[in-house]
Amino acid sequence: MTHPVVTMTDRSAPVTMSAKDARERILSTLAPLNGSGLVALGQALGRVVAEDLQSPIDVPPADNSAMDGYAVRVDDLTGEGSRLPVSARIQAGVFPAPLEPGTAARIFTGAVVPEDADTVVIQEHCQEDNGLVSVEKLPKTGANIRRSGEDIGSGSTVVCAGTCLQPQHLGLLASVGLAEVPVRPRLRVQVLSTGDELVEPGRPLAPGQIYNSNDTVLTGLLERLGCELLPTQQVPDAAEATREALEQARGQADLVLTSGGVSVGEADHVKPAVEAMGRLDLWKINIKPGKPVAFGDLGGVPFLGLPGNPVSVFVTFCLFAAPVIRYLQGRSEPFPDPIQIPAAFDRPAAKREEYLRVRIKDGQLHGYPHQGSGVMSSVAWADGLARIPADSVVASGDRIEYFGFGALVG
Ligand code: AMP
Ligand code: MG
């Protein structure tokens with residue numbers, strides 16, 4: 001499928017592509033990574049499940065008591081105050097003999113209910129004295145028994161293919177006795193930061209230089225998404241060095257991410273280098289912050305060129321790179337649905353779709369006061385992004401779309 005793209009040279013073309021359109025176009029050209037392998041449950045946190053996983057057992061495996069009390073057969077109780085001899089004591093962890101007719105068995109929470117008992121009377125409704133229990137309040141038949149298979153039936157799917165395993169999924173798999181999980185391969189990602197002005201933190205800054213913060217942000221985001229990171233590299237603004245770095249990256253990575261070097265400046269060497277190796281679509285996506293974003297293919301390896309400004313990098317990572325990564329990983333939901341939350345601010349209409357750095361407080365969205373694309377403190381302050389569609393006015397109290405960082409990059 002080919003898409004009409006707006007290239008850098010095509011300056012007269014309208015800039016109308018929404019983030020959603022761009023994301024859908026990008027994803028439509030990709031396919032999830034093939035293959036799967038078994039990993040131990042203890043190693044599976046954050047991995048993506050390769051196939052639907054079924055429970056090999058019923059959970060609970062047997063009828064068991066939900067309370068401390070006495071297991072009885074209701075028909076043996078003649079009325080309130082009925083007395084039955086206590087014929088057994090059943091603790092959790094043992095398999096009991098059938099209940100002797102006309103008796104009760106002392107039973108504890110989680111213990112297997114004996115065959116021929118149909119009800120557990122809670123201990124608060126019983127008095128035990130000299131080996132006899134009197135039942136002060138008659139139970140309903142079947143009360144206080146957790147039935148075998150009530151939570152999970154043997155053979156039923158417990159975790160679906162495409163799930164990114166969280167501690168609760170691992171707990172569920174453990175509860176059905178699975179020790180290994182088939183997972184998708186980890187995505188190997190190469191990050192390249194372009195720019196002659198960049199210096200690694202910890203070194204002194206010479207005049208004209210700035211610290212490379214994109215590298216650190218991208219590394220953290222990729223780790224959050226469970227990627228395998230190839231050693232990150234800083235690439236000078238030179239045609240040959242850019243080409244070499246991209247060549248090397250495509251030989252090792254499943255995805256190559258760059259920051260900077262994709263605007264219209266003379267020092268932007270990414271575009272020609274990618275074009276020489278494969279294909280590059282440079283879309284002026286109608287968003288703020290974030291345009292332009294480049295998407296391409298380095299002869300079989302997907303490429304995403306993020307802008308250079310740190311806030312733009314963070315936002316475009318959330319909107320494009322994270323969904324690309326999740327999609328390549330085989331995750332079932334590459335991009336989250338928004339939550340509608342009332343805004344605590346007014347905002348005039350703007351030509352571009354905006355992604356404001358916001359924070360939820362008292363059930364309302366508050367925006368960081370400085371929303372410039374160089375202001376990284378806005379991202380550090382925020383807990384998510386609010387999407388304001390192009391040409392829309394926001395009045396305080398309007399419900400607007402919110403995407404939490406956890407949902408975007410978790
Ligand atoms: P560029 O798109 O390369 O022109 O970069 C746009 C802006 O982002 C410039 O002000 C760059 O100095 C800045 N920038 C680019 N890369 C980084 C980086 N890795 N860390 C921090 N700022 C950067
Ligand atoms: Mg640059």
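Select Ser65 in this predicted model; the residue is found in strand 3. Ser65 is buried, because its relative accessible area is 0% and the limit for that word is under 20%. Now show the backbone of Met67 as well. The Met67 backbone oxygen lies 2.5 Å from a polar atom in the Ser65 side chain.

**Asp63 and Arg147**

Next, select Asp63 and Arg147 and display their side chains. The two meet in a salt bridge, with 2.9 Å from N to O. Asp63 is in the loop between strand 2 (53-54) and strand 3 (64-65), while Arg147 is in the loop between strand 10 (145-146) and strand 11 (157-159), so the contact ties together parts that are 84 residues apart in sequence. Are these two residues buried, partly exposed or exposed? Asp63 is partly exposed, with a relative accessible area of 26%. Arg147 is also partly exposed, at 36% relative accessibility.

Move to Gly177, in the loop between helix 2 (167-175) and strand 12 (180-183). Gly177 is exposed, because its relative accessible area is 59% and the limit for that word is over 50%.

**Helix 4**

Select residues 239-252, which make up helix 4. Within helix 4, pick out Glu240 and Arg243, which lie three residues apart, about one turn of the helix. Their side chains meet in a salt bridge of 3.3 Å, N to O. Glu240 is partly exposed, with a relative accessible area of 45%, and Arg243 counts as partly exposed at 32% relative accessibility.

**Glu353 and Arg387**

Now select Glu353 and Arg387. These residues form a salt bridge in which the closest N and O atoms are 3.3 Å apart. The pair links distant parts of the chain: Glu353 belongs to strand 24 (residues 353-361) and Arg387 to strand 26 (residues 384-388), 34 residues apart. Glu353 counts as buried, at 5% relative accessibility.

Salt bridges that share partners join Glu240, Arg243, Glu247 and Arg250 into one network. How many salt bridges are found in a search of the whole structure? The search finds 13, among them Asp63 with Arg147, Arg243 with Glu240 and Glu353 with Arg387.

**Ligand 1**

Which of the 15 residues around ligand 1 come nearest? They are Glu197, Asn212, Asn214, Gly261 and Gly308.

- Glu197: a polar atom of the side chain lies 2.6 Å from an oxygen atom of ligand 1.
- Asn214: an N or O atom in the side chain is 3.2 Å from a nitrogen atom of ligand 1.
- Gly261: an N or O atom of the backbone lies 2.8 Å from an oxygen atom of ligand 1.

On its own, ligand 1 has 480 Å² of accessible area, and the protein covers 76% of that.

Note on methods. Residues numbered from 1 in each chain as written. Chains lettered and ligands numbered in written order. Predicted model: local features only at pLDDT ≥ 70, side-chain atom pairs only at ≥ 80, totals over all residues. Heavy atoms only, no water. Salt bridge = Lys/Arg side-chain N within 4 Å of Asp/Glu carboxyl O. Helix = DSSP H or I, 4+ residues; strand = E, 2+ residues; numbered from the N terminus. Buried < 20%, exposed > 50% of the residue type's maximum accessible area, 1.4 Å probe, protein only. Near = heavy atom within 4 Å. Polar contact = N/O pair within 3.5 Å; in protein donor to acceptor, adjacent residues only side chain to side chain. Areas by Shrake-Rupley, 256 points an atom, 1.4 Å probe, with all protein chains shown as cover.
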